[in-house]
Amino acid sequence: MATRMPASSRPHHGGDDRPVLSARALNRALLERQLLLRRHRLGVLDAVTRLVGLQAQAPNPPYIGLWTRLDGLALADVAGAIEDRSLTRIAVMRSTVHLVTAQDCRTLRPLTQPALDRDLWVGSGSGKAVKGVVDPAELAAAAREVLADAPLTTAELGEALRRRWPDVAARHLAYAARTLLPLVQVPPRGIWGVGGRTRYATAESWLGEPLVADPSPAGMVLRYLAAYGPATVKDVQTWSGLTRLRPVLDGLRDRLRTFRDSAGNELFDVPGAPLPDPDAPAPVRFLPEFDNILLSHADRGRIIGDEDRRRIFTRNGVVRATFLVDGFVRGMWALDRDRAGAVLRIEPFAPLGAADRAALSEEGGRLLAFAAADAGAHDIRFAPPGG
């Protein structure tokens, strides 16, 4: 899609001659960069690289996230890449598990390690339990040693470490080890339709290569802007979980273009990245739980309103699966299965027009064919608006 400055985004703030981008202009830019204005003929590894990973606390959401963006995706395309270690599951941005390429595992984990350290020592009970009792370097070395023979579950790792530190609960030792060491979740975790407990291996042993010794924060920021921009400094920090990134953006100014949003905030962007017309059509799309498009900006008004955001973020940290109409979140969905078949339940936040309901039904049929191909019957049911 050709890049041009949307006419509706040309007004200026006072004496500042930088263009102002409306929420709708930012929405269309985000959708284009997130592969959501149309399905793309991309390989799985290319797509995951372009998106800088997909959040993946649960096994299935990344499959749905790629299906809604790519043309002709099969479950085996993703599962095969996890099994051959081209893709791997590891805690990186926001200290949460993401599905990333092997190369990004090696570069993003060292870059995001400060955020994981902060969450351990400041935000967790496990950090309090081990602090002053266990030397972090000794704990990391011990965990690496016990994982040398084979991947271990959280419980197995904790019990192995507790033999050395019997006064600390196994769960705290395991949590601290998972934070201090780059541990990947190995298959069958992450394979669609396959159960089993999560097992961990060190990234180096699993991938057969060491982590990148001195990766570039600037490179990470540029990739974020290409995938999520234009964006503020706070947006980059929200996505990455890191703080104090203003100097990195300032150091890149000569390589970036800048805008303002409607509130006057400075937006950074990489040259040549697409800025579609704000009125460009956007098809309905089903997004999985925890989709990064909802989690990667401090101000999420470009994709969802504040009231609707409160509906999809649950108290226990789950981000509900949502659907887009005209590029914005307009409701939630869930896929239920029983002996009779699979039911896609669509819960709009407000009444939908006939054309939008028809488009959601058509796209919902494709979702059922992908995610519940083995079900004996498929059904789509709309809940009352706002229910």
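Strand E1 and strand E8 (residues 257–261) pair in the parallel sense over two bridges; two strands count as paired if DSSP finds at least two bridges between them. Within this pairing, Val20 has Arg260 of E8 as its bridge partner. Strands here are DSSP runs labelled E of at least two residues, helices are runs labelled H or I of at least four residues, and both are numbered from the N terminus.

The open sheet consists of three strands in the order E1-E8-E9, with mixed pairing. Its edge strands, each pairing on one side only, are E1 (20–21) and E9 (266–269).

## Basis of the model

The model is predicted: local features need pLDDT of at least 70, side-chain atom pairs count only at pLDDT 80 or more, and totals for chains, interfaces and linings use all residues. Residues are numbered from 1 along each chain as its sequence is written, and side-chain values use heavy atoms, with hydrogens and water left out.

## The largest pocket

The largest pocket holds about 430 Å³ of space. A pocket is an open set of points on a 1 Å grid over the protein atoms alone, where a 1.4 Å probe fits, with protein on both sides within 12 Å along at least five of seven lines; lining residues have an atom within 4 Å of a point. Grid points are joined across faces, edges and corners, and the volume is the space filled by probe spheres set on the points.

The lining comprises 21 residues, of which Asn60, Ile64, Trp192, Trp333 and Leu335 lie nearest the centre of the pocket. Helix H3 (61–67), strand E12 (328–338) and helix H15 (354–371) are the elements that give two or more residues to this lining. The largest share, five residues, comes from E12. By class, the lining has 15 nonpolar, one polar and five charged residues. Nonpolar covers Ala, Val, Leu, Ile, Met, Phe, Trp, Tyr, Cys and Pro; charged covers Asp, Glu, Lys and Arg; the others, Gly among them, are polar.

## Thr68

Thr68 is placed in the loop between H3 and helix H4 (75–83). Thr68 counts as buried because its relative accessible area is 0%, the limit being under 20% with a 1.4 Å probe and protein chains only. Its side chain reaches the backbone oxygen of Phe286 at 3.0 Å. Not counting residues up to four places away in sequence, Thr68 touches Leu36, Arg39, Arg285, Phe286, Leu287 and Glu363, where contact means heavy atoms within 4.5 Å.

Key
Buried < 20%, exposed > 50% of the residue type's maximum accessible area, 1.4 Å probe, protein only. Polar contact = N/O pair within 3.5 Å; in protein donor to acceptor, adjacent residues only side chain to side chain.
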